[in-house]
Amino acid sequence: MGDVLSGLATGFSVALVPFNLMLVLMGCFAGTLIGALPGLGPINGVAILLPIAYGLGFPPESALILLAGIYYGAEYGGRISSILLNVPGDAGAVMTTLDGHPMARNGEAGRALSLSAVASFVGGTIAVVLMSLFGPLLAAFAVTFSPANYVALMVFAFASLASLVGKSAVKTLLGSLIGLMLATIGIDANTGVPRFTFGVPDILAGIDFLIVVVGLFGMAELLHLVEQQVAGKIKTLPVDNSFVRLADLAATKWTVLRCSLIGFFIGVLPGTGASVASAVAYGTEKRIAGESGKTFGTGDVRGLAAPEAANNAAAGGAMVPMLTLGIPGSGTTAILLGALLMFNIQPGPLMFTQRPEIAWGLIASMYIGNVALLIINLPLVGLFARMLTIPQHYLTPLIAVLAFVGIYSIVGNPFDLFMITWLGIFGWFLRKMDFSLAPVILGFVLGGLFENNLRRALSISDGDWLILVENWKSVMLYLLAVLIVVLPIWAARRARGMAEGDV
């Protein structure tokens with residue numbers, strides 16, 4: 001406990017510097033706006049603003065504090081369009097539409113927005129407290145991880161991804177493979193042989209992380225928004241003056257607590273994220289509610305509080321493996337991981353001792369950010385709702401210009417502008433084919449880590465593959481990976497067999 005308090009003291013000394021405090025507030029406010037805009041979400045907000053933060057020459061801790069503020073600010077903001085328009089601001093807000101939008105249709109939009117803000121605050125705060133307590137412990141354990149253990153960890157991450165992300169496990173795996181293929185483009189660092197460059201000199205050094213993220217996510221989302229606008233699917237609902245009641249808080253207190261814990265621990269799993277956490281939390285609460293759960297989906301306050309507490313707790317939980325193991329817990333933390341690598345900082349167990357101002361400064365900024373987000377969101381519910389009335393034909397070109405200017409200001413290569421356009425079209429095509437794009441970015445980020453650690457392990461063992469299963473940690477992770485993939489299949493077949501037996 002003494003180390004935690006000492007670390008938090010260091011963190012608050014960094015986060016409360018006026019410049020960093022301003023960045024926390026700016027990130028939270030901008031993130032809420034980005035999250036409120038349908039389809040953008042945290043991953044695109046961070047992707048679009050990352051090159052700007054890097055280009056302005058911010059110190060690493062300041063840049064990460066700004067981007068993290070946008071991350072959990074967008075998790076807050078995603079509920080606004082979900083409740084008002086029935087259009088999720090991001091994947092984590094999909095479950096919020098089930099009970100939030102019926103409340104808005106019933107003339108209780110203000111009540112729904114304010115209750116979801118409180119649930120988000122509690123979920124985010126519980127996650128930061130748990131991160132403070134258990135993050136360093138996990139870091140101390142992670143110091144003992146060898147390259148072979150990291151290979152097993154990557155296998156576990158991919159297994160988690162295959163079973164928990166997206167509607168189709170096959171499409172999720174294909175998306176991961178696409179990410180892995182993109183990660184292998186360029187000159188092999190060990191052999192000097194060009195891989196998948198097809199004679200194009202501009203990609204001999206590989207495809208830059210920013211190019212993949214801004215193109216595959218930002219530009220693809222913009223194309224999707226344009227498509228929605230043309231189809232006329234975006235409509236605005238009026239915002240009333242209702243507000244959260246004490247009876248609502250009393251009715252949802254245990255729901256919020258349970259779902260915050262569920263969200264945090266699911267968020268810690270590599271390859272999961274807010275969308276998985278909110279879905280699991282909603283289903284769990286509906287089962288716990290029993291007969292009274294029949295009102296879920298019609299405007300039940302528990303059905304609104306559950307996913308909101310879970311997805312914000314998951315946002316904090318996803319930070320734990322990123323900071324302590326260097327493994328992203330979600331698509332957005334994959335971008336934050338890339339941001340650290342851009343600043344030549346290696347996330348992992350040693351960061352808490354070698355760069356405490358970054359690790360603890362980020363955690364302290366999340367305490368401040370959660371309070372700031374509650375203060376911002378409760379009084380400004382009406383303002384944020386009116387922001388959704390900005391015409392799409394003004395908004396989409398503005399974001400496209402920011403993406404192009406941000407990329408060109410860092411790299412200065414016109415080829416990269418074509419690259420983000422091509423990747424944007426490809427990402428839009430994948431969305432039309434009902435692929436989840438998060439596995440692609442996770443495959444891209446984890447692919448390099450997987451290959452590097454596999455080669456290190458084989459170098460240590462002189463090519464003996466048995467090194468991958470010699471350690472108990474590796475064996476445990478492989479077993480968990482198998483269970484994550486096999487158990488859902490077995491449970492589904494057993495349920496089908498029981499149903500046929502009843503017939």
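A: Arg-355 and Glu-357 form a salt bridge in which the closest N and O atoms are 2.7 Å apart, a salt bridge being a side-chain nitrogen of Lys or Arg within 4 Å of a carboxyl oxygen of Asp or Glu. Arg-355 has a relative accessible area of 29% and is therefore partly exposed, and Glu-357, at 22%, is partly exposed as well; on this scale buried means under 20% relative accessible area, exposed over 50%, and partly exposed in between, with a 1.4 Å probe and protein chains only. The model is a predicted one, in which local features need pLDDT of at least 70 and side-chain atom pairs count only at pLDDT 80 or more, while totals for chains, interfaces and linings use all residues. Residues are numbered from 1 along each chain as its sequence is written, and side-chain values use heavy atoms, with hydrogens and water left out.

A search of the whole structure finds nine salt bridges. One of them joins Arg-111 to Asp-248, with the closest N and O atoms 2.6 Å apart. This pair links distant parts of the chain, since Arg-111 lies in helix 6 (residues 109-142) and Asp-248 in helix 10 (residues 246-268), 137 residues apart; helices (H or I, at least four residues) and strands (E, at least two) are DSSP runs, numbered from the N terminus. Both Arg-111 and Asp-248 are buried.

Another salt bridge brings together the side chains of Arg-195 and Glu-451, at 2.9 Å from N to O. Here too distant parts of the chain are linked, Arg-195 belonging to strand 2 (residues 194-195) and Glu-451 to helix 20 (residues 438-460), 256 residues apart. Arg-195 is partly exposed, because its relative accessible area is 21%. Arg-195 and Glu-451 also belong to a network of salt bridges that links them with Asp-188 and Arg-455.

Turning to the buried side chains, Thr-96 is in helix 5 (residues 96-105) and counts as buried because its relative accessibility is 0%. Its side chain makes a polar contact of 2.6 Å with that of Glu-308, a polar contact being a pair of N or O atoms within 3.5 Å, where within protein one must be able to donate a hydrogen and the other to accept it, and residues adjacent in sequence count only if both atoms are side-chain atoms.

Leu-182, in helix 8 (residues 169-184), is buried at 12% relative accessibility. Leaving aside neighbours within four places in sequence, Leu-182 is in contact (heavy atoms within 4.5 Å) with Ile-207, Val-212, Val-440 and Phe-444.
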